[in-house]
Amino acid sequence: MDLLPVEIKLNVEGDVAGAMSALGASQGALMTRRIWFAEDRVGVAQGKLLLLDGGVIVRLRIGGGQDDSVVKLRPCTREQLVGRFSAPFTVDPLTYRIEEDWSRNGRVLAASLVRSHPPGALPAAVTQGSDPATLFDEVQDQFLDACAHDVQFDGLVALGPISATKADDVPLEDLKVDLDAWSAAGLNFLEASIRVKPKAGDDEEKFKERAERQLRKLEEAVLERGVMLSGLPDSKTHRVLTALVAAAQG
């Protein structure tokens, strides 16, 4: 089995603006965006997250250059990823990635299919009464049909917007860290992340040990700057979607 890249994510609690400053966000490439997630319309009316609970994440990002739509399976298994979706590929305007997501609370496999859109192509899909599923192209539909066939897509509704500020490639020690701050529904989140890629000559054990060292190094670099790490088990996606569904119900 081919070795997969690892994305290491740490969630920060407390003063997000202060944490961004303490971690040196101004030294990175800054970008602001608006983010929406899409969920099953009937489920949202019932206060449920049917897609997320089924391991499917649908996300729309607007601003910061090209817009994009993302369909992600997390968690998933290698056995789930069949046919052309068993290996990563890039065919403009699509990018398909398979990687491991590591956090302090667990490690899961994730597969995501990203489609770039020209600026201004997505806002109509997030207006009231619209169905974001109309944005899926043929390959994204194939991905869901082949790899998430147990999940029903009978009509989606957009949840958001989330105000997002991202700083890429922020130098912390000898790491290049991405900082992603979200604000929505009275909640504020900050995620610090790095990607670790396999190198020539890596075997599974050697690569895992290197990724674990990078995880510890990231934790230490964040804590040394007086930033508090979250002890909550839920991902920021789950927490913000739960809040947005509650807000949608009034």
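The structure is a predicted model.

## Salt bridges

Side chains of opposite charge can pair when their charged atoms come close. A search of the whole structure finds 15 salt bridges.

| Salt bridge | N to O distance |
|---|---|
| Lys9 and Asp101 | 3.3 Å |
| Arg74 and Asp101 | 3.2 Å |
| Asp137 and Arg115 | 3.2 Å |

The side chains of Lys9 and Asp101 meet in a salt bridge. Because Lys9 belongs to strand S1 (residues 6-12) and Asp101 to strand S6 (residues 94-103), this pair ties together parts that are 92 residues apart in sequence. Lys9 has a relative accessible area of 13% and is therefore buried. Asp101, at 6% relative accessibility, counts as buried too.

Asp101 also forms a salt bridge with Arg74. This pair links distant parts of the chain, with Arg74 in strand S4 (residues 67-76) and Asp101 in strand S6, 27 residues apart. Both Arg74 and Asp101 are buried.

A further salt bridge joins Asp137 and Arg115. Asp137 lies in the loop between strand S7 (106-117) and helix H4 (138-147), while Arg115 lies in strand S7, so the pair ties together parts that are 22 residues apart in sequence. With a relative accessibility of 18%, Asp137 counts as buried, whereas Arg115, at 21%, counts as partly exposed. The cut-off explains these two labels, because buried means under 20% relative accessible area.

Salt bridges that share partners join Glu7, Lys9, Arg74, Glu99, Asp101 and Arg195 into one network.

## Charged patches on the surface

Which residues gather in a patch of negative charge on the surface? They are Asp203, Glu204, Glu205 and Glu209. Glu205 is located in helix H5 (residues 204-224), and its relative accessibility of 56% means that Glu205 counts as exposed.

A positive surface patch is formed by Lys199, Lys206, Arg213 and Arg216. Lys206 is found in helix H5. At 46% relative accessibility, Lys206 counts as partly exposed.

## Helix H6

Helix H6 covers residues 236-248 and therefore contains 13 residues, which at 1.5 Å a residue should span 18 Å. Within H6, the residues Lys236, Thr237, Arg239, Val240, Leu241, Ala243, Leu244 and Val245 are buried.

## Separations in sequence and space

Leu50 lies in helix H3 (residues 50-53) and counts as partly exposed, at 40% relative accessibility. Leu50 and Lys9 are 41 residues apart in sequence, and their C-alpha atoms are 24 Å apart in space.

Ala125 is placed in the loop between S7 and H4. Its relative accessibility is 6%, so Ala125 counts as buried. From Ala125 to Leu187 there are 62 residues in sequence and 24 Å in space, C-alpha to C-alpha.

## Backbone geometry

Most residues other than glycine have a negative phi, and most peptide bonds are trans.

The peptide bond from Arg74 to Pro75 is cis, with omega near -5°. Pro75 is found in strand S4. Another cis peptide bond joins Gly160 and Pro161, where omega is about 5°. Pro161 belongs to strand S8 (residues 156-172).

Which value does phi of Asp169 take? Phi of Asp169 is near 60°, a positive value in a residue other than glycine. Asp169 is found in strand S8, and at 46% relative accessibility Asp169 counts as partly exposed.

Glu173 also has a positive phi, near 55°, and is a residue other than glycine. Glu173 is placed in the loop between S8 and strand S9 (175-184). At 49% relative accessibility, Glu173 counts as partly exposed.

Terms used: Residues are numbered from 1 along each chain as its sequence is written. This is a predicted model: local features need pLDDT of at least 70, side-chain atom pairs count only at pLDDT 80 or more; totals for chains, interfaces and linings use all residues. Side-chain values use heavy atoms; hydrogens and water are left out. Helices (H or I, at least four residues) and strands (E, at least two) are DSSP runs, numbered from the N terminus. The expected span of a helix is 1.5 Å times one less than its number of residues. Buried means under 20% relative accessible area, exposed over 50%, partly exposed in between (1.4 Å probe, protein chains only). Patches are made of residues with over 30% relative accessible area and no salt bridge: like charges are joined within 9 Å, nonpolar side chains (Val, Leu, Ile, Met, Phe, Trp, Tyr) within 5 Å. Accessible areas come from the Shrake-Rupley method with a 1.4 Å probe; for residues, only the protein chains shown count as cover. A salt bridge is a side-chain nitrogen of Lys or Arg within 4 Å of a carboxyl oxygen of Asp or Glu. Lys and Arg count as positive and Asp and Glu as negative; His and the chain ends are not counted. The place of a charge is taken as NZ of Lys, CZ of Arg, CG of Asp or CD of Glu.
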